[in-house]
Amino acid sequence: MEARKKTFNGIVVSDKMDKTIVVEVTNRTLHPLYKKYVNSTKRIKAHDERNEAHVGDTVRVVECRHLSKDKCWRLTQVVEKAR
């Protein structure tokens, strides 16, 4: 049985590379001791075959095989275009 692939929604923060975007994914978690919500962000590089995503767009990325040293995500959908 094939394992489920991880998917993330995030905001594009860079599209300067060819066929690659940098997506910032924000996660809110409740701190166990202080009961305060803490934001943690991570920046991932994703493959954008048609160069369709631009800075500010909300996108959905899915896990895939390694395409380069640190690019192992693929753009599946542009959820919302930037204004």
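Reader: What makes Glu52 count as buried, partly exposed or exposed?

Author: This is a predicted model, in which local features need pLDDT of at least 70, side-chain atom pairs count only at pLDDT 80 or more, and totals for chains, interfaces and linings use all residues. Residues are numbered from 1 along each chain as its sequence is written, and side-chain values use heavy atoms, with hydrogens and water left out. Buried means under 20% relative accessible area, exposed means over 50%, and partly exposed lies in between, with a 1.4 Å probe and protein chains only. Glu52 has a relative accessibility of 31%, so Glu52 counts as partly exposed.

Reader: How many salt bridges does the structure hold, and what does the one between Lys45 and Asp70 tie together?

Author: There are five salt bridges, and one of them joins Lys45 to Asp70, with the closest N and O atoms 2.9 Å apart. Lys45 lies in strand E3 and Asp70 in the loop between E4 and E5, so the pair ties together parts that are 25 residues apart in sequence. Strands here are DSSP runs (E, at least two residues), numbered from the N terminus. Lys45, at 31% relative accessibility, counts as partly exposed, and Asp70, at 39%, is partly exposed as well.

Reader: How do you know that Asp57 and Lys81 form a salt bridge, and is Asp57 buried or exposed?

Author: The side chains of Asp57 and Lys81 meet at 3.7 Å, N to O, in a salt bridge. This pair links distant parts of the chain, with Asp57 in the loop between E3 and E4 and Lys81 in the segment after E5, 24 residues apart. Asp57 has a relative accessibility of 2%, so Asp57 counts as buried.

Reader: Why is a set of residues called a nonpolar core, and which residues form the largest one?

Author: The name applies to a set of buried Ala, Val, Leu, Ile, Met, Phe, Trp, Tyr and Cys residues joined through side-chain atoms within 4.5 Å. The largest such core has 12 residues, among them Val12, Ile21, Ile44, Ala46, Trp73 and Leu75. Two or more residues come from each of strand E2 (20-30), strand E3 (37-47), strand E4 (58-63) and strand E5 (71-80). In soluble globular proteins, nonpolar side chains tend to be buried together.

Reader: What makes E2 and E3 a pair of strands?

Author: Two strands pair if DSSP finds at least two bridges between them. E2 and E3 run antiparallel and are joined by 11 bridges, so they meet that condition. Ile21 has Ala46 as its bridge partner in E3. E3 and E5, in turn, pair in the parallel sense over three bridges.

Reader: What sets the phi of Lys35 apart, and where is Lys35 placed?

Author: Lys35 has a positive phi of about 55 degrees although it is not a glycine. Most residues other than glycine have a negative phi. Lys35 sits in the loop between E2 and E3, and at 58% relative accessibility Lys35 counts as exposed.

Technical notes
Helix = DSSP H or I, 4+ residues; strand = E, 2+ residues; numbered from the N terminus. Salt bridge = Lys/Arg side-chain N within 4 Å of Asp/Glu carboxyl O.
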